[in-house]
Amino acid sequence: KVYAVDLYPYPPETIINNFIEVGLEKYLEVCKGSTTEWAKKLSNLEFKFIYIDADHSYKQCTEDFLLWNQLLERNGELAFHDCHLPKVAKSIQRNVNKSQWELVAKIDRIMTFKKLF
């Protein structure tokens with residue numbers, strides 16, 4: 001299941017239509033609201049993959065990492081979007097402990113880490 005969490009200041013039809021086009025709409029749940037709010041609402045779940053596209057502030061990127069990494073299964077992967085931006089890069093550098101996370105890939109503006117614990 002894909003939980004697409006966003007404030008959605010725009011209609012979420014674009015993401016919905018993308019899933020409809022490939023026949024996967026039954027796997028999509030649009031979650032309108034803050035990532036902080038939804039991390040708490042989904043705290044009973046465990047994820048294999050989490051993609052963080054925070055508001056690019058150090059504070060929110062760090063908060064998203066701290067909340068969402070708790071929901072990630074061991075050997076699951078967590079990706080950060082816009083890792084080239086200074087505040088996002090600083091959050092990653094300060095929070096992603098190299099002994100607990102392994103860099104899987106850095107492609108353009110996305111860094112993906114594997115959870116080792």
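Student: Why is His 56 called partly exposed?
Tutor: His 56 has a relative accessibility of 31%. Buried means under 20% relative accessible area and exposed over 50%, with partly exposed in between (1.4 Å probe, protein chains only). The value of 31% falls in between, so His 56 counts as partly exposed. The model is predicted: local features need pLDDT of at least 70, side-chain atom pairs count only at pLDDT 80 or more, and totals for chains, interfaces and linings use all residues. Residues are numbered from 1 along each chain as its sequence is written, and side-chain values use heavy atoms, with hydrogens and water left out.

Student: Where is His 56, and what makes its phi worth noting?
Tutor: His 56 sits in the loop between E3 and H3; such helices (H or I, at least four residues) and strands (E, at least two) are DSSP runs numbered from the N terminus. Its phi is positive, about 75°, although His 56 is not a glycine. Most residues other than glycine have a negative phi.

Student: Which value of phi does Asp 82 have, and is Asp 82 buried or exposed?
Tutor: Phi of Asp 82 is near 60°, again positive in a residue other than glycine. Asp 82 lies in the loop between E4 and H4. Its relative accessible area is 7%, so Asp 82 is buried.

Student: What makes Gly 23 partly exposed?
Tutor: The relative accessibility of Gly 23 is 46%, which places Gly 23 in the partly exposed class. Gly 23 belongs to the loop between helix H1 (13–21) and strand E2 (28–32).

Student: Why are Cys 31 and Cys 61 called buried?
Tutor: Cys 31 has 0% relative accessibility and therefore counts as buried. Cys 61 has 2%, so Cys 61 counts as buried too.

Student: Which residues of helix H3 are buried, and what covers them?
Tutor: In H3 (residues 58–68) the buried residues are Gln 60, Cys 61, Thr 62, Asp 64, Phe 65 and Trp 68. Their cover includes strands E1 (2–6), E3 (47–52), E4 (72–81) and E5 (101–107), together with helices H2 (35–41) and H4 (86–95). Thr 62 has a relative accessible area of 12% and is therefore buried. Leaving aside neighbours within four places in sequence, Thr 62 is in contact (heavy atoms within 4.5 Å) with Ser 91 and Asn 95.

Student: What makes the protein as compact as a globular one of its length?
Tutor: The protein has 4 helices and 6 strands, in the order β-α-β-α-β-α-β-α-β-β. Its radius of gyration is 14 Å, close to the 13 Å of the globule rule for 117 residues, so the protein is as compact as a globular protein of that length. The radius is taken over C-alpha atoms, and the rule is 2.2 Å times the number of residues to the power 0.38. Along the principal axes the C-alpha trace spans about 40 × 30 × 25 Å.

Student: How many of the 117 residues count as buried?
Tutor: The share is 34%. Of the contacts with a separation of 6 or more, 66% join residues 24 or more positions apart.
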